[in-house]
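Subject: Handover of the two-chain model

Hello,

Here is the structure I promised to pass on. Please open it first, then read my notes below.

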Amino acid sequence: MADIRGKFTFPGGTHPPENKHFSENSSIEVVPVPKQVAVLLSQHLGAVCVPTVAKKDTVTAGQVIGKSDAFVSAPIHSPVNGTVKDITLEPHPVIGRTMAVIIETAEEGNAPKQPVNTRFDKNFDPNDYTVEQICRAVKDAGIVGMGGAGFPTRVKIEPNPAMPKEVLVINACECEPFITCDYRVMLEWTWQMLAGIRLAAKAAECEKIRIGIEDNKPEAINVITDAIQERSDIGDIQVVPVKTKYPQGGERQLIKSVLGKTVPTGSIPPTIGICVLNVATCAAIAEAVMTGNPLTHRVVTVAGCAIAKPGNYYVPIGMRVENLIAHCGGLTETAAKVVMGGPMMGFAIADLSTPLTKTSGALTFLTKAAVTRAKYEKQETPCIRCGRCLSVCPEHLNPTKIAHAVKHFRMDIAQNYYLSACIECGCCSYVCPANIEITGYIKTGKILKAREKKRLG
Amino acid sequence: MLSKITVSPAPHISQKLSTRGVMGDVIIGLAPAMAAAIWFFHLQAVGVILTCVTACMASEWICNLIRKKPNSLGDLSAVVTGLILAFSLPPAIPLWAAVIGSAFAIVICKMLFGGLGANIFNPAMAARAFLTASFGMLMTTWTVPATVDTQMPKISATNTVAVTQATPLAWAKSAIKGKADVKEVNAMLKGTFWGNVGGCLGETSSFALLLGGVYLLIRRTITFHIPAAVLIAAFVFAEIFYLINPDKYSMPFVQLFGGGMLICAFFIATDPVTAPLSAKGMWIFGVGVGALIMLIRFVGEYPEGVMYAVLIMNAVSPLIDRACKLIPAGGKPHVQ
């Protein structure tokens, strides 16, 4: 295989050990249906859903169990057949506790849902569907960005006369260490993903499609390039190998690398005519449009030294972490941290009964050695002003200044140094020799600022 | 087993780099210069270095004890301060003066400001300034390296200033004032590269300092900005003066390799605590240090300008930081 070198990149960033070897060669495996699922009513950014079912109701797989009328929202669905046991507070990886619909799965008629990738091939034609059909299907399926933030996809791809979009950038970087779920989707569900990309491009009225892939995934680059070449009539679609560097998969960074454009601070990509979608999201779009299946399952990478059987699993959304751990052979004795998401941006969870959400692409199980001793023991030493955080910041901020302003509740200074421009990638904390939780302070600052705004009305 | 699982903000991994590691690298970077110092000045050097390092560590330990703070010797920053102070002292300095200087550096210049990371001035340079002001004679008495058997050659019959009593730069300055031939002086000073000359402990061997500086650059303990800015600014400054009047001012390369220029560029001005944060700020800071050193050397009364140049730039470095505020990658936001 020819050595592929990405030419394009962005300034700043860092190179954490990739650690993809745990799971990159494991095919996507369907897990058995758990006895109980807990579907959180707050899966992502935007409005919290209101349950549409009551206690003791019987639900079927794919049935809507929660929705919201807010513009930025997405409905949620039951992944299994069963009965609603309760609607109660459950641990949430990000916001502590939130309401969830708990469903006991029926004992019969509950074969695990299989991926639908076999229904897609190179003959797929997005022109079989109208823009309205696509948007409707995406909305009803409750699809959100599956790469992390979970912004409702419908809002992104719907035609918007105020912000016409020209370029669709597919985020296939997967720059976080350990995570391989998008990589496996690219390899195994290539046609499904391409179908989703073309559907999204059609809905968003994008003429140009660019797929940004880090050059540490040459196989994925080849597979997708070959697939595109098999269909010469599918328009301006290109694979762009980019340099392997964290956070290459941040949408602002990816746009800089792939198109050379800069998204203005405080703006979103559509303001400069760009729409960014993640690989798994595209696969979900294709499934929703073709089969009408809602987003109830996703691929989750299980990786790290502290788990017996790492791999990529096709799991129902709402499955509890402890059930997946049990399926993967259990934690090893050395487990020190369970992270939902990758080690750079994921959320450490304390309660293993936390359910998986639409945005949890990975579960990373870290040992004390992987966490590093200083971080494990939370030894923070004074800032020596070495400036490493400034040099790695992909947004060209002054992280130490912001962090120390927040530490002393000087929100005016923090804001003056562009607190809100931070993308929370974690590069600054990663390189800090004093082991200061810079990103943590900045996140706290953002929360304090939001509270202040709320208080002032 | 569950009790062992911990939570903290992301990221959950970190580079295996600590403040101790950074300081350790600086110590390794200073090792060649230390070896050179011991090679040239024998036991005198060992005594001064050991005294300064021990006194610095002891001062920090006592300060933490009095302030009821956890012991911070583990970060090795006191060792670095001690080494740099020792390297900027004359070899023949009485050990009691070295102890006073070390205590001043740590207690007054570092711990009273709040410890590591909070000091405004480079502790070693501030202590050296204190010693110069208090014990002027001790600080300007230079001995020849123990490895030099005979006195360095006299400049000419018309001038009797002996090199044995002065650093090369001081010697050159007075020699030129004494109407010595600049070309002859230059030729003689070129020999300073290996370090077999009088001067402060650590600054004599340019070769050893370059070696250590390159190590720090390779290890990325320091970035190239400050050393490059200091050396380029000093070179340009010296070159301009040399071009204007080659009879009065010595060659630029002599200025770069002589005196404390190299130890300043690689080890003193690069002290992260007292230098600006941003790359642009580092350039300004470095150029300021380089230009001030040359200004003091050429125009001022002192033969050597490193100490005051660094202290002056330390004082303005918070202002530089404020002036060089970074603009986010996406430009300034329209609404804050």
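Arg220(B) sits in the loop between helix H8 (206–218) and helix H9 (225–244) of chain B. Helices here are DSSP runs of H or I with at least four residues, strands are runs of E with at least two, and both are numbered from the N terminus. This is a predicted model: local features need pLDDT of at least 70, side-chain atom pairs count only at pLDDT 80 or more, and totals for chains, interfaces and linings use all residues. Residues are numbered from 1 along each chain as its sequence is written, while chains are lettered from A and ligands numbered from 1 in the order in which they are written.

Why list Arg220(B) at all? Its phi is positive, about 55°, although it is not a glycine. Most residues other than glycine have a negative phi, and most peptide bonds are trans. Arg220(B) counts as partly exposed because it has 13 C-beta neighbours inside 10 Å. The cut-offs: buried means 20 or more other C-beta atoms within 10 Å of the residue's own, exposed means 12 or fewer, and partly exposed is in between, with C-beta atoms placed from the backbone.

Asn435(A) is also not a glycine and has a positive phi, about 60°. Asn435(A) lies in the loop between helix H14 (427–431) and H15 of chain A. Asn435(A) is buried, because 21 other C-beta atoms lie within 10 Å.

There are cis peptide bonds to check too. One runs from Tyr246(A) to Pro247(A), with omega near -5°. Pro247(A) is in the loop between strand E11 (236–242) and helix H6 (251–259) of chain A. Another joins Ala10(B) and Pro11(B), with omega about -5°. Pro11(B) belongs to the segment before H1 of chain B.

**Chain B overall**

Chain B has 13 helices and zero strands. Of its 336 residues, 53% are buried. Two residues are in contact if their C-beta atoms, placed from the backbone, lie within 7 Å. Among contacts in chain B between residues at least 6 apart in sequence, 74% join residues at least 24 apart.

How many residues does each chain bring to the contact between them? Chain B gives 38 residues and chain A gives 55 residues. The side of chain B that touches chain A has 19 nonpolar, 15 polar and four charged residues. In this scheme Ala, Val, Leu, Ile, Met, Phe, Trp, Tyr, Cys and Pro are nonpolar, Asp, Glu, Lys and Arg are charged, and the others, Gly among them, are polar.

**Helices of chain B**

Helix H3 (residues 95–111) of chain B has 17 residues. H3(B) reaches 22 Å from its first C-alpha to its last, close to the 24 Å expected at 1.5 Å a residue. The expected span is 1.5 Å times one less than the number of residues. H3(B) bends by about 25° at Phe104(B). That bend is the angle between axes fitted to the seven residues ending there and the seven starting there. Buried residues of H3(B) include Ala98(B), Gly101(B), Phe104(B) and Lys110(B). The buried residues of H3(B) pack against helix H1 (19–67), helix H2 (77–87) and helix H4 (123–134) of chain B.

H4(B) has twelve residues and reaches 16 Å, close to the 16 Å expected. Arg128(B) is one of its buried residues. The buried residues of H4(B) pack against H2, H3, helix H5 (136–139), helix H11 (261–268) and H13 of chain B.

Asp321(B) lies in helix H13 (residues 306–323) of chain B. Is Asp321(B) buried or exposed? Asp321(B) is buried, because 21 other C-beta atoms lie within 10 Å. Leaving out residues up to four places away in sequence, Asp321(B) touches Pro276(B), Leu277(B) and Gly281(B).

**Chain A**

The axes of helix H4 (residues 190–204) and helix H5 (residues 218–230) of chain A come within 11 Å and cross at roughly 65°. Axes are lines fitted to C-alpha atoms, for helices over the stretch in contact, and angles run from 0 to 180 degrees between N-to-C directions. Thr190(A), Trp191(A) and Leu194(A) in H4(A) meet Val223(A), Ile224(A) and Ala227(A) in H5(A). By class, that contact has five nonpolar, one polar and no charged residues.

Glu452(A) is in helix H15 (residues 438–456) of chain A. Glu452(A) counts as exposed because it has 10 C-beta neighbours inside 10 Å.

Best regards
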